[in-house]
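Here's a quick briefing on the model below.

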Amino acid sequence: MAADWEEIRRLAADFQRAQFADTVQRLSERNCIEIISKLVQDKKLDVVHTLDGKEYITPAQISKEIRDELYVHGGRINIVELQQILNVDWVHVENRASDIAKSDKGVQLVLGQLIDDTYLDRLAEEVNDKLQEAGLISIAELCKNYDLPGDVLSEELSKRLGKLIQGEMDQYNRGVIFTPAFVARHKARIRGLFSAITRPTPVSSMIGAFGFQEHLLYSVLEELVDTGRLKGSVVGGRQDKAVYIPDIYSKTQNTWVDSFLQQNGYLEFDALVRLGIPDPLSYIKKRFKSNKLLFLRAACVGQALVDQVEASVEEAVNSATWTDIQPILPSCLSMEDIGMLINQAMRNTNVQSSARVLGGTVVVSEKFISNCLSVFDEVMQQKAQKEVKNNPVFLISEDDLKQVSMLTESSALSKKEKREAERRKKATEGSGSVKAGGGGNAREIRIRKTKKKGRKDEDSDEETGPPQQNRSKQTAAVFMTQEEIVAVLEEKLSDCPEEILSELAEHLVRPLSKAYQEVLRAVFMSSTSSPSGANKKKSMKDLQEEITNLYNNIRLFEKGTKFFSDETQANIAKHILKTLCTDVTNILVNFLAADLMMSVENPSNISTEVRVKILGKLSEETKEPLMKLHNCLNGKTIEDFLTNVETCAEVCGFMLKKGDKKKERQALFVHRQALTEQLKETEDPALVLHLTSVLLFQASTQCMLHAPGRCVPQIIGTLTGRIPAEQQQLLSSYQSLVVKQLVSQSQSRKQEEAEGEADRTEEQDEEAGSVRSQLMALTPQVKDVVLSQRKTSGTEE
């Protein structure tokens, strides 16, 4: 043992000598750096140099110093701040901090900060102090105060609830922590407040008025309701529209609803909303599960009201009349609801096909509508007969023509055989040509040719049947307008409400039009098949004479136009074409229309539209010359018309003979006689001037004249030098007075149209009266100019 101590003393002495001895070899700072760098490069040494490069530090030392600094800073430090304290690159500090957080469960890295459990425990103690003071604390507020994320803070505080923190977290809102005392205090306030409520109250208004915590309020309220402490219910869930309804109000509410439905037979949704029921539809379905209710848009009605409507509908259908449902229905029902109720009643009674709804509330039986149709039978028959008589061309379809031709085929065949026999007999008598047998026979032969062409035209129409039918449908005769139907219904149905008459008339328009077409067809068929209506043409002799007279008169009138200038000739020619020439054309067209059962009683009633319609149904051989004649009526010269009328007359079987001198003189005499008689009877100054000038023109030129009134000044101008000067002056004076009178009358009419009533001055009245008195004084003199000549010429004749 002593030997050992001696050895220790000897070694201690050697060590002391070594310490105090001078160094023989020393390494420089540069050599040390190179050696350390080489060791680090060979990974035999793990050190990190500081940012200033003067020191080396091991990772373990960095970790130790990080822990030391974390402790010094109270358990929370930022990595950026650590990097400045340790004077080491930020990457090394972050890596060592991450390693510490991973290896030590009590330390965690949050948003670049190292935080240990001691800091969190201290934080929990501070939170508890605040919680106990306030009773309620928000995680969001803590996040703002401690600069920590909410999820981390919420998680850490949840771990310490019941330990360091004496409180609990709201299960519906994890962002709030409150104490049991706070919950008990709120529960007492909620219990007292809602126990005092006697009518439906929005929960949101309670939150705003008394400052309740929303989620806590809903939780406590549901708990109190479920346990029966509060006699009521929460409607609307945890929403802004949630409403607390106390049982006492619900009982009163249910009593009112039950009694109202029992007494009135309906419930209005808006009334329930005003009563405080937010969802009336669900409430009614839940409340009256066993009741049979009909739900409408804005209300629901009971079975008693539905039965009443069904009884009214059945009565209207069975009695073939109408009934207004409005009086028996609640006034709060909209038109849409009334329509739904009536439709349901009609479905229940199975009368959809036997009645219809008019005016929204009136149920009308189909039999009643049929009876309304019969009201028009007499009027329809009268109008059909008149229409067939005046304008058959617009009423007849191609099918009607075919039916009529089939009905009359047998009788027409016998007549045809007789005429064929007569023709053969006359052809074998050796009397020469057929024309030598007399004009009448010649015309009859031509008539037969026309009829054959007509039948060819019918054949061609059969090929193009659908287009013709479409055209006939487009121009179908209208029976009555809707306004006219309403007027008739008002007269015949005095007890029917005026509101539905218009809609009833709208329903009747199409059936009446269809029935009217059938009546027209029946009247037409009866008129064509009867012996008296089989041939409505004038006799050939009368037509021949009428057309010839008109033709010769047109020629004589055309001769009279030669005394005027070109412009005046054109005006007179247009007047003749619109009057006499149109009459001739209408006679020829009406003659051919008789073959198609389209002739009218008075050819002068044929309008341009009717004429074109008839021409469209003729054969091409007949239609072409007559269409040219029709187009000549819109021309400017009479010569073209005269040329074409001769061709058309030949096509129709007429022979136009130009009058000789004797007939021309006779025509002049007849024309003068007619104008003279008219002059004697009239007292109209304008007409007196017109007739006088035309008669003086005929007396001086021996030419007939058919001119419009606007050509009177030109006619008087041509009389210059042909009549005595005093007569010429008289006519000129009379003409100026007539013009003044016409201008005055025109101005008066314009004033009446513009102002409603003529505001004439006294001066205008005096002037008009003066002109009128002068005309009355001169009229006998002007008439006498012609009538005196008439007396002398009459004695000479």
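Asn644 is buried, at a relative accessible area of 18% (buried means under 20%, exposed over 50% and partly exposed in between, with a 1.4 Å probe and protein chains only). Keep in mind that this is a predicted model: local features need pLDDT of at least 70, side-chain atom pairs count only at pLDDT 80 or more, and totals for chains, interfaces and linings use all residues. Residues are numbered from 1 along each chain as its sequence is written, and side-chain values use heavy atoms, with hydrogens and water left out.

**The chain overall**

- The chain has 34 helices and 17 strands; these are DSSP runs numbered from the N terminus, with helices being H or I of at least four residues and strands E of at least two.
- Of the 797 residues in the chain, 40% are buried.
- Take the contacts between residues at least 6 apart in sequence: 62% of them join residues at least 24 apart, where contact means heavy atoms within 4.5 Å.

- Asn644 sits in helix H29.
- Leaving aside residues up to four places away in sequence, Asn644 touches Lys628, Leu629 and Cys632.
- H29 (residues 638-652) packs with H26 (residues 566-593) at an angle of about 10°, and their axes are 11 Å apart. Axes here are lines fitted to C-alpha atoms, for helices over the stretch in contact, and angles run from 0 to 180 degrees between N-to-C directions.
- H26 and H29 are therefore roughly parallel to each other (angles under 35 degrees count as roughly parallel, over 145 as roughly antiparallel, 65 to 115 as roughly perpendicular and the rest as oblique).
- On the H26 side, the residues that meet H29 include Ala573, Ile576, Leu577, Cys581 and Val584. Their counterparts in H29 are Ile638, Phe641, Val645, Cys648 and Cys652.
- Sorted by class, the H26 contact with H29 has 13 nonpolar residues, 1 polar and no charged ones. Ala, Val, Leu, Ile, Met, Phe, Trp, Tyr, Cys and Pro count as nonpolar, Asp, Glu, Lys and Arg as charged, and the others, Gly among them, as polar.

**Cysteines**

- How many disulfides does a search of the whole structure find? It finds 0, a disulfide being a pair of cysteine sulfur atoms within 2.5 Å.
- For Cys581, the closest cysteine sulfur is in Cys632, and at 9.1 Å that is too far for a bond.
- Cys581 counts as buried, with 0% relative accessibility, and Cys703 counts as buried too, at 6%.

**Helices H3 and H5**

- H3 (residues 59-72) and H5 (residues 90-103) have axes that come within 10 Å and cross at roughly 70°. That makes H3 roughly perpendicular to H5.
- The contact of H3 with H5 holds 6 nonpolar, 2 polar and 2 charged residues.
- Pro59, Ile62, Ser63, Ile66 and Arg67 in H3 meet Val93, Arg96, Ala97, Ile100 and Ser103 in H5.

- Strands S4 (residues 107-110) and S5 (residues 113-116) run antiparallel and are joined by 4 bridges; two strands pair if DSSP finds at least two bridges between them.
- Gln108 has Ile115 in S5 as its bridge partner.
- The hairpin has 2 residues between its strands, and Leu111 takes a positive phi near 50° there.

**The S6-S8-S7 sheet**

- This open sheet has 3 strands in the order S6-S8-S7, paired antiparallel. S6 (136-138) and S7 (168-169) stand at the edges with a single partner strand each, so one side of each is left without a neighbour in the sheet.
- S6 and S8 run antiparallel, with 3 bridges joining them.
- Ser138 stands opposite Val176 in S8.
- Val176 counts as buried, at 8% relative accessibility.
- Val176 and Leu216 are 40 residues apart in sequence, and their C-alpha atoms are 9.6 Å apart in space.
- Helix H6 (residues 117-134) lies across S6 and S8, and runs at about 130° to S6.

**The S9-S11-S10 sheet**

- Another open sheet lines up 3 strands as S9-S11-S10, with antiparallel pairing. S9 (201-202) and S10 (232-235) are at the edges, each with a single partner strand, so one side of each has no neighbour in the sheet.
- S9 pairs with S11 (residues 243-246) in the antiparallel sense over 2 bridges, and Pro202 stands opposite Val243 in S11.
- Helix H12 (residues 247-264) lies across S10 and S11, at about 75° to S11.
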